[in-house]
Amino acid sequence: MKITLTVNGEKREVEVKPQTRLLDLLREDLGLTGTKEGCGKGECGACTVIMNNKLVASCLVLAVQADQSEILTIEGLNCQDELHPIQNAFINKGAVQCGFCIPGMIMSSKQLLDENINPTEAEIKRGLSGNICRCTGYVKIIDAVKEAAHKMRSRGEDDV
Ligand code: FES
Ligand code: FES
């Protein structure tokens, strides 16, 4: 089946099988391997992407369900080769260890901060509750989201 979707701002036309998952389409057909597969059953958040401004576990979405949709993956966050403030904050705070959970964590953080640029710690924890990290203990990840929120708020104020 042929589907058309916009991935990271670029229109793509792809031939997929009925059983192809969005995760496979991204990683195998489009070569966007930043999105990871952990559990493959909607529990770990490693495969999180943003579809039509909502977080989805791409292992649970069929590619055909993404027909005509807009998808944002970790590869689409960089702007003119600069890291996104959330990515910079994860690096500054030392929030990355093995890195496997990080693309999903960052996509969940982006969605959270797009909806609420000044989240409380409880709201950050809730926003990231679908993402499991086996390495960091989460403290530095939460610190990174706080730093990113702070930077993004100040950037917004500078733009006014
Ligand atoms: S791989 Fe999709 S939620 Fe774990
Ligand atoms: S940094 Fe290793 S799973 Fe999160």
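Predicted model: local features only at pLDDT ≥ 70, side-chain atom pairs only at ≥ 80, totals over all residues.
**Notebook: domains, sheet and a helix pair**

I started with the domain centres: those of domain 1 and domain 2, taken over C-alpha atoms, are 22 Å apart. I then looked up the bounds, and the division puts domain 1 at 2-76 and domain 2 at 85-159.

Next entry, the contact between the two. I find twelve residues of domain 1 in contact with twelve residues of domain 2. Which strand gives the most to the side of domain 1 that touches domain 2? I get strand β3, residues 48-51, with three residues. I also sorted that side of domain 1 by class, and it has seven nonpolar, four polar and one charged residues.

With β3 on the page, I went on to the sheet. I traced five strands in an open sheet, running β2-β1-β5-β3-β4 with mixed pairing. Why is one side of β2 and of β4 left without a neighbour in the sheet? I checked, and β2 (10-15) and β4 (54-57) stand at the edges with a single partner strand each, so one side of each has no neighbour there.

I took the β3 and β4 pair on its own. These two strands run antiparallel to each other and are joined over four bridges. I picked out T48 and looked for its bridge partner in β4, which is A57. Then I asked what packs on the sheet here, touching β3 and β4. I find α3, whose direction makes about 35° with that of β3.

Last entry, α3 again, this time with α2. I have α2 at residues 85-92 and α3 at residues 102-115, and their axes come within 10 Å and cross at roughly 125°. Parallel was out and so was perpendicular: angles from 65 to 115 degrees count as roughly perpendicular and those over 145 as roughly antiparallel, and α2 and α3 are therefore oblique to each other. I noted the handedness as well: α2 passes α3 in a right-handed crossing.

Which residues meet where α2 and α3 touch? From α2 I list I86, Q87 and F90, and from α3 I list I102, I106, S109 and K110. By class, I log four nonpolar, two polar and one charged residues in the contact of α2 with α3.

Methods. Residues numbered from 1 in each chain as written. Chains lettered and ligands numbered in written order. Axes fitted to C-alpha atoms, helices over the stretch in contact; angles between N-to-C directions. Parallel < 35°, antiparallel > 145°, perpendicular 65-115°, else oblique. Left-handed = near helix turned anticlockwise from the far one by under 90°. Contact = placed C-beta atoms within 7 Å. Nonpolar A, V, L, I, M, F, W, Y, C, P; charged D, E, K, R; others polar. Domains from an automatic or database assignment. Pairing = 2+ DSSP bridges.
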